[in-house]
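Okay, thanks everyone for coming. Let me put the structure up on the screen, and then we'll talk about cores and salt bridges.

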Amino acid sequence: MKKSRLAKVYRFICLLSLSLILVLLSIIPVRLAIAINQAPQPQAFLILGGDPAREKFTAELVQWYPSLEIWVSSPPNPQKTIETFQNVNVPKTKLNIDMGAVDTVTNFTSLIANFKQRRLQHLFLVTSDFHMARAKAIATFVLGSQGIAFTPISVPSKQTDSESLLRIIRDIIRSLLWIITGHTGVSL
């Protein structure tokens with residue numbers, strides 16, 4: 001008798017938890033729609049570190065958007081990053097380099113507070129073409145949960161294979177973990 005009752009309580013808790021997660025996830029598209037409506041044009045660049053080609057590509061784009069701030073998340077060589085943007089006359093006040101990220105998920109989570117402080121609601125998301133599927137998946141959850149929309153810009157690379165579905169799923173789970181707990185599960 002007790003076992004049956006315990007199983008019902010367990011099922012109820014599981015269904016309640018699943019319902020809560022589904023409600024949270026359904027809020028993300030609404031928040032993204034609101035962000036796009038309030039800021040239809042990107043307000044800043046977010047460059048995911050890892051390949052200097054991303055910075056060089058963005059340095060060319062910046063000429064078309066001189067008023068936008070540039071955020072570079074954990075570039076491999078910060079001094080070279082500064083030089084790349086100085087070479088195209090980007091003022092130091094427009095360039096923000098953050099070294100807090102250790103992977104793609106933390107590229108996003110380490111900068112959320114800065115984006116919210118500056119009231120940014122729409123970003124250009126710049127990364128390599130092979131990396132874009134995973135970056136968009138993470139951005140949808142992490143940025144979307146915070147009401148920040150993004151416009152992806154893929155940088156051509158010589159790598160022909162996209163990242164594996166397993167890596168994308170793992171980072172979606174980590175993004176959900178961050179939304180719920182504030183921790184990224186970086187050791188995963």
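Let's start at L125. Skipping its neighbours within four places in sequence, L125 is in contact (heavy atoms within 4.5 Å) with L46, L48, F108, M132, A135, K136, A139, F150, T151, P152 and I153.

Quick housekeeping. This is a predicted model, where local features need pLDDT of at least 70 and side-chain atom pairs count only at pLDDT 80 or more, while totals for chains, interfaces and linings use all residues. Residues are numbered from 1 along each chain as its sequence is written, and side-chain values use heavy atoms, with hydrogens and water left out.

Back to L125, then. Which residues touch the most other members of the largest nonpolar core? They are L46, W71, F108, F115, L123, L125 and L143, out of 21 residues in that core. By nonpolar core I mean a set of buried Ala, Val, Leu, Ile, Met, Phe, Trp, Tyr and Cys residues joined through side-chain atoms within 4.5 Å. Buried is under 20% relative accessible area, exposed is over 50%, and partly exposed is in between, with a 1.4 Å probe and protein chains only.

At least two residues of this core come from each of β1 (44-48), α4, α5 (112-117), β4 (122-128) and α6. Those labels are DSSP runs numbered from the N terminus: helices are H or I, at least four residues, and strands are E, at least two. The largest share, six residues, is from α6. Apart from this core lies another one, of 14 residues, including V72, F85, V90 and L95.

Now the charges. The structure holds seven salt bridges, meaning a side-chain nitrogen of Lys or Arg within 4 Å of a carboxyl oxygen of Asp or Glu. Take R174 and D103, whose closest N and O atoms are 2.8 Å apart. That pair links distant parts of the chain, 71 residues apart: R174 is in helix α7 (residues 165-181), and D103 is in the loop between β3 (95-98) and α4 (104-109). R174 has 2% relative accessibility, so it counts as buried.

Next, R134 and E163 form a salt bridge at 2.7 Å between the closest N and O atoms. R134 sits in helix α6 (residues 132-145) and E163 in the loop between β5 (149-155) and α7, so the pair ties together parts 29 residues apart in sequence.

E163 also meets R167 in a salt bridge, 3.7 Å from N to O. Buried or partly exposed, that R167? Partly exposed, because its relative accessibility is 37%. And through shared partners, salt bridges join D103, R134, E163, R167, R170, D171 and R174 into one network.
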